[in-house]
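Here are my notes on this one, point by point. Have the model open while you read.

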Amino acid sequence: MAEAAALVGARRVVVPPLPGVAAACGLLRSPRIAMKEAAMSGVLDDEDVLPAIEALLRELTAALPADSAAGVAAGHLAGNTAGHPASHSAGHAERVVDSFIDLGYLGQEFALEVAYRPGVDTAATLAARFDDLHRRVRGQAFAGGHRVHAVRAVARWAPLARSLTLTTKGDGADAQRASMPVPETTVALQAPGGPSRAVLARAGLAAHDTGTGPALVTAPDTTIWIPPWWHWAVGDDGVLILEAP
């Protein structure tokens, strides 16, 4: 944000409480995901539907990449994998596969995704799970049958802690480098000749709090980088005000 302001000659940046931009730290901490799905049409109560769901899920699961590196290479993984796939995938744990089905009421096209536990769920438990979700989403549930619309297998790899390097420019030609452990959110940044700062949780900042960069301010929806020597302050209404030196 400060860099963008500098490009247009602005010396003051006002960040609202919920700016709604992607959180860099949050993206790095999110799991890698690969998904395989197939359309299916069947009445949930029919005795041959659950075995068909199980068989289709086995087929979809077998088609999922075995690890996140393979998923990146094959283009199956969701998220930003541009650049160096190995560096993005090496820090992820073993694969966990979850199963889902899309259910709807007979005679209706509207469907909702519900979790499916292979070998555990029955038609009755799935119907009850869908009815409860439909009641929460649409305000009501209906008597009658249910139709299966689709089956889905989702693999995910939770990120492991690893060290990242942040590089920013100081006042001179020297580069400032700092290591940030992920998924932890504590990091010390040292500007050339300046003070060290830790990551600040925006939820923990109060009105009239002030400070000087370098610093990172983390929030659920964004990560705010405050360059060295920039001053920051929190307004009465929760806005974060950044001012150039």
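1. First a term for the strand part: two strands pair if DSSP finds at least two bridges between them. Helices (H or I, at least four residues) and strands (E, at least two) are DSSP runs, numbered from the N terminus. With that in hand, Val-217 sits opposite Ile-224 of β14. Strand β13 (residues 215–219) and β14 run antiparallel, joined by five bridges, and they make a hairpin with two residues between them.

2. Ground rules: this is a predicted model, where local features need pLDDT of at least 70 and side-chain atom pairs count only at pLDDT 80 or more, while totals for chains, interfaces and linings use all residues. Residues are numbered from 1 along each chain as its sequence is written, and side-chain values use heavy atoms, leaving out hydrogens and water.

3. How far to trust it? pLDDT (the predictor's confidence in each residue, from 0 to 100) averages 77 over the chain, and 69% of the residues score at least 70. It stays under 50 over residues 72–91 and again over residues 162–192. Where pLDDT is low, the predicted coordinates should not be read in detail.

4. Back to β14 (residues 222–226): five of its five residues are buried, so the strand is largely enclosed by the rest of the structure. Buried here means under 20% relative accessible area, exposed over 50%, and partly exposed in between (1.4 Å probe, protein chains only). Thr-222, Ile-224 and Ile-226 point one way, Thr-223 and Trp-225 the other.

5. Which side chains meet in a salt bridge at 2.8 Å, N to O? Asp-102 and Arg-152 do. A salt bridge is a side-chain nitrogen of Lys or Arg within 4 Å of a carboxyl oxygen of Asp or Glu. This pair links β4 and β6, 50 residues apart in the chain. Asp-102 is buried at 14%, and so is Arg-152, at 8%.

6. For contrast, look at Asp-132 and Arg-136, whose salt bridge is 3.2 Å, N to O. They are four residues apart in helix α6, so about one helical turn separates them. Asp-132 is partly exposed at 37%, and Arg-136 is exposed at 60%.

How values were computed: Contact = heavy atoms within 4.5 Å.
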